[in-house]
Amino acid sequence: MSHLREPDVRPELRPGGGTGAELADRVDAFFGRLGERGRVIVRQLPLSVTVVLVVAAAKVFHPETLADPRFQLALLAHTALFVLSVAVPWGRLPRGAYAVIPALDCVAVGFTREAGGPNFNVLSLLLVFPVIWLSVDRNRAGVVLAVAGATLSTVLPAAAFGAAPTQGSMIRTIFLPLVMAAIAVTAHVVAGALYRQRQTLVRKDEALADTVAESMQRQRLLDAVLSTVNVGVWVVDQNGQDVLTNKALRTDAALSGLAPSANRPRLFQADRATALPPERFPTARAAAGETFTDELCWAGEGEDMRAYSVTARTMVSTNGTHAGAVITFAEVTALIRALSAKDNFVATVSHELRTPLTSILGYLELVLDEPGHEDIEEELRIVQRNANHLLGLVNDLIAVASERVELALQEADVASLLAGVVASSHAKATVSGVELVLDLEEPLNARVDPGRISQVFGNLVSNAIKFSPDGGRVTARAHRANSHVVCSITDTGIGMDGQEQEQAFTKFFRSARSRETAIPGAGLGLPISKTIVEGHGGSISLSSVPGKGTTVTVSLPVS
């Protein structure tokens with residue numbers, strides 16, 4: 001069984017974890033460590049290095065150019081601008097003051113190109129460095145300054161050197177600023193888009209980091225909760241594979257080997273003897289999408305067997321498909337033993353009560369048969385009736401405690417049994433203002449114990465009358481359905497909510513409404529009826545709507 005795990009965050013989903021984001025983070029960190037002066041130096045460095053390479057090429061191919069004083073002055077200007085980049089404390093100056101460097105670079109490039117003559121016209125391309133430097137700033141003034149610098153790079157050198165206008169110089173004066181303007185605008189737009197995208201990614205990374213942190217916090221909270229509770233928790237996916245288990249399940253000796261095995265099953269049904277087949281294991285049923293509540297099973301062997309109340313609930317994915325299930329194992333061994341001790345006590349006391357009650361009824365029969373007691377016969381009849389009622393209650397207690405009844409099966413007409421119970425209940429229904437309706441198919445023969453089945457019908461009709469308000473209706477129906485006889489008792493009474501329906505067949509259970517309205521009863525009618533019906537191999541069920549009534553259905557096999 002697997003332990004509770006923290007969620008695995010893929011590297012590409014961690015803040016700065018992807019390849020592009022990681023590179024951007026490194027660049028940001030590098031520029032952040034440089035400071036304002038360092039950033040100016042790094043931005044100036046590409047142009048300065050390129051000028052050095054131009055000087056080296058000129059020395060090889062055009063050494064006479066290096067001897068030109070104008071060219072030397074232009075190179076001195078580049079050197080001075082690089083020195084300014086290094087020497088000036090840009091961080092102390094107003095923001096954007098560094099823009100003077102790339103602006104002067106444009107002019108210096110123009111003088112270098114003009115001093116080099118036609119062989120160095122290609123140096124106009126060096127304008128790309130300062131133009132892009134100025135344009136990538138988020139302030140649009142950088143684009144204007146870049147275009148102005150490119151224009152001055154063509155106008156000022158020609159004016160300073162007194163060069164006569166030529167067709168080539170005029171073309172350069174017009175088109176070079178236009179080309180540089182296009183480059184400046186493009187660089188500014190692309191830089192802005194990249195900046196916005198970067199900001200969006202940063203916000204998403206921050207949101208993802210917050211989500212992951214919250215998820216991990218919830219995971220730790222869940223781990224703490226599951227480790228604290230004494231209920232075993234087992235989560236499986238839609239294939240029945242382990243997802244997680246909590247400490248209570250892993251450390252429980254009886255549950256530690258729950259995986260079904262063909263030669264050594266580890267779970268047993270409520271009778272503690274019938275092993276659960278692998279397909280009926282809670283995990284297999286839950287993985288198949290089945291939900292159930294408080295099903296009793298036993299785990300372990302011999303004297304170490306322990307009882308568990310097992311509950312399963314399915315999990316649904318975001319698209320509505322079955323994604324697995326959560327199964328809980330609550331140990332109820334002590335409760336089961338306490339209930340068993342209670343049932344034994346009830347059975348023992350009931351047996352002890354039945355003997356004197358039988359004796360009392362016997363002597364009452366003798367007294368009533370003897371003459372001379374006519375003046376107290378009515379009182380004696382009341383004593384006899386109450387003693388018979390008490391004996392019936394004791395017999396019910398014994399049957400409920402033992403969860404079995406003695407049956408004398410024979411062929412009988414179930415329809416006639418139901419009709420007889422309804423007929424004998426008319427007087428009680430009339431007193432309560434309830435209408436009794438009978439709807440039968442006759443005959444409905446089945447092999448039953450007539451007395452016990454009449455007892456079941458009596459309990460159900462009596463309950464229906466008790467729980468129906470004045471003017472209500474109780475309908476008794478019976479019909480054949482394949483190999484079963486199906487009987488139902490429907491009332492229009494107070495009804496039951498879902499929680500009460502779940503406990504309706506529990507011994508001694510009485511609804512809150514019945515207690516509030518002082519409706520008589522011991523809470524044994526439905527449990528004893530269930531015991532009798534199941535003793536016949538049949539089933540009994542209940543459906544109810546609060547305020548609208550209840551229907552109890554009994555299904556009995558024909559043979």
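Author: Phe-457 touches Val-414, Leu-417, Leu-418, Val-421 and Cys-487, leaving aside residues up to four places away in sequence; contact here means heavy atoms within 4.5 Å. This is a predicted model, in which local features need pLDDT of at least 70 and side-chain atom pairs count only at pLDDT 80 or more, while totals for chains, interfaces and linings use all residues. Residues are numbered from 1 along each chain as its sequence is written, and side-chain values use heavy atoms, with hydrogens and water left out.

Together with Ile-489, Phe-457 touches the most other members of the largest nonpolar core, which has 38 residues. Such a core is a set of buried Ala, Val, Leu, Ile, Met, Phe, Trp, Tyr and Cys residues joined through side-chain atoms within 4.5 Å, buried being under 20% relative accessible area with a 1.4 Å probe, protein chains only. Elements giving two or more residues to this core include α12, β10 and β11; helices are DSSP runs of H or I, at least four residues, and strands runs of E, at least two, numbered from the N terminus. The largest share, 7 residues, comes from α14.

Helix α14 (residues 450-466) lies across β8, β10, β11 and β13, at about 20 degrees to β11; angles run from 0 to 180 degrees between N-to-C directions of axes fitted to C-alpha atoms, for helices over the stretch in contact. The open sheet has 5 strands in the order β8-β10-β11-β13-β12, with mixed pairing, where pairing requires at least two DSSP bridges between two strands.

Key
Buried < 20%, exposed > 50% of the residue type's maximum accessible area, 1.4 Å probe, protein only.
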